[in-house]
Amino acid sequence: MKPQVTRFARAAKPQLARLPRPKTVRTWQYTAGAATAGLALAATVATAAGPWDSSGQRTAERDRAAALERTGGTDHGGDSGTTDAAPHPAPSAASVLVGLGGGGNSVKSAPTGQALSGVLGPLLGNSALGARHTAAVVDVATGKRLYGAGAGAGLTPASTTKIATAVAASSALGADHRLTTRAALEPDTKELVLVGGGDPTLTARPDADGWASLRELAADTAAALEKRGIRAVTLSYDKTLYAGPEIHPIGVNDNLAPVTALMTDEGRTDDTASGPAPRVSDPATEATRTFAKLLAAHGIKTTSPGPSKATGRADTLAEVSSPPLSALVERMLTNSDNDIAEALARQTAIADRQRADFEGGGKAIRAQLKKLRLPLSGADFHDGSGLDRADRLTADLLTSLLVKAGDPARPELRAVLTGLPVAGFTGTLTSRYADGAAGVVRAKTGTLTGVNTLAGTVVDQDGRLLAFAFLASDTTDPGAAQSALDRTATALAACGCG
């Protein structure tokens, strides 16, 4: 039986409407020729497409999926409720799920371990990768490990930890789960409580661009108060959804705001949306002060805000919700967003009935991955972002996570693949692979002092989708180590080792 080949639609105006979902989840099958054409087209349209949209996926990818007349990799088998005004859960580029049909007549056999060892061994032996490094390469279609070097040894993973966080949160909560911030009025005291739902992407900026807007919440709240004849309230905030210390063990750091259930714009003090930035020391108070100013603009007077806890009798006047979890996962992975990562770890803890703090998040991530029967020997989780140097992951676990995300029976995990930065184009890989596998490698980076890691997917020259993980510790030159990892991933993409 010939493998199915996706037909390209004519280059008419691609529709931007929400993509239809299939009644059943189907395995994607492509020929090697289609893979090559798809990669070339993906690189071409991505180059010409302009800036990224807020979902963390290039608009060109969404347009292309519409042109291909099929749903993308983040089809969840259910209605996400996303409107055209909100970020769409982004369909994958053709290269994400190439080869998942496996074993088609036109797809060659998987690379052999001996061949991969000959290609990767010398590159991984580069002294720039330090005294300790591990690696694994797995065929995503079959789950078979093709290459391993210390694959079961736990090393500090840095931000590749976010792959584990993404899989755990998506499995525990579902791809369509949303984080809701609400304004609640206590009927007896007329106290107005801003209740945090743990959404770090809640924004107070004029252009919400599809994310939950504090301005919208204030306008709706003011309108509800006016209907009740209320023009002045005692204002407070509720951040009790999360527990434990708000400051990460690394201390105050521009890479992460205090972790709290209520904040706007990740507590940033500038107009950035990603990367390191100075943060406010008390995000919940600052968010509520901003809320008070927005209410005042609608004629509602408030007191100076303080902490509180909404009771079960409180009436919800208005609420705003984040985009679907799939969009949060994609933004987290594409931008290596530590604030979203720690929020998702705590949300996973809540779903797993653990204490919603750093320790509880780590326990919940492990518990969810255990339910998925993933190899956890050598792994240790202390946070969701990978900023904690006590975290340990193995190359075996990282590749297994990626294989699980590509499982056709697990569509709720698909954003773990589609959110991976695209070499030479997006997120933390934007400025990398200029002379290598741009548009072909999709991978999560990880960098701490003395630690360089890379884990993701690549389509080799024979049309096979491979998952890989490379971890290096005790590196002394981060730039040289990064280049060595990039060259290794590039060699894997260029390999016709079947």
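Arg 231 is partly exposed, with a relative accessible area of 47%; here, buried means under 20% relative accessible area, exposed means over 50%, and partly exposed lies in between, using a 1.4 Å probe and protein chains only. The side chain of Arg 231 meets that of Glu 226 in a salt bridge, at 2.9 Å from N to O. Such a bridge is a side-chain nitrogen of Lys or Arg within 4 Å of a carboxyl oxygen of Asp or Glu. Glu 226 is partly exposed as well, with a relative accessible area of 37%. The model is a predicted one, in which local features need pLDDT of at least 70 and side-chain atom pairs count only at pLDDT 80 or more, while totals for chains, interfaces and linings use all residues. Residues are numbered from 1 along each chain as its sequence is written, and side-chain values use heavy atoms, with hydrogens and water left out.

In total, the structure holds 17 salt bridges. One of them joins the side chains of Lys 371 and Asp 352, at 3.7 Å from N to O. This pair links distant parts of the chain, 19 residues apart: Lys 371 belongs to helix α9 (residues 358-371), whereas Asp 352 lies in the loop between α8 (338-351) and α9. Helices (H or I, at least four residues) and strands (E, at least two) are DSSP runs, numbered from the N terminus. Lys 371 is exposed, with a relative accessible area of 57%, but Asp 352 is buried, at 16%. A further salt bridge brings together Asp 357 and Arg 355, whose side chains meet at 2.9 Å from N to O. Asp 357 is buried, with a relative accessible area of 8%, and Arg 355 is exposed, at 52%.

The charged end of Arg 346 sits over the ring of Phe 358, 4.2 Å from its centre. That charged end of Arg 346 sits over the ring of Tyr 242 too, 5.7 Å from the ring centre. For a charge to sit over a ring, NZ of Lys or CZ of Arg must be within 6 Å of the ring centre and within 35 degrees of the ring normal.

Six of the eight residues of strand β1 (residues 132-139) are buried, so β1 is largely enclosed by the rest of the structure. β1 pairs with β11 in the antiparallel sense over eight bridges; strands pair if DSSP finds at least two bridges between them. Within this pairing, Val 138 stands opposite Ala 467 in β11. β1 also pairs in the antiparallel sense with strand β2 (residues 145-149), over four bridges, and Ala 136 has Gly 148 in β2 as its bridge partner. The hairpin of β1 and β2 has five residues between the strands, and Gly 143 in this hairpin takes a positive phi near 80°.

Strand β11 (residues 465-473) includes Ser 473. At 3% relative accessibility, Ser 473 counts as buried. Leaving aside neighbours within four places in sequence, Ser 473 is in contact (heavy atoms within 4.5 Å) with residues including Leu 129, Arg 132, Leu 155, Thr 156 and Val 451.
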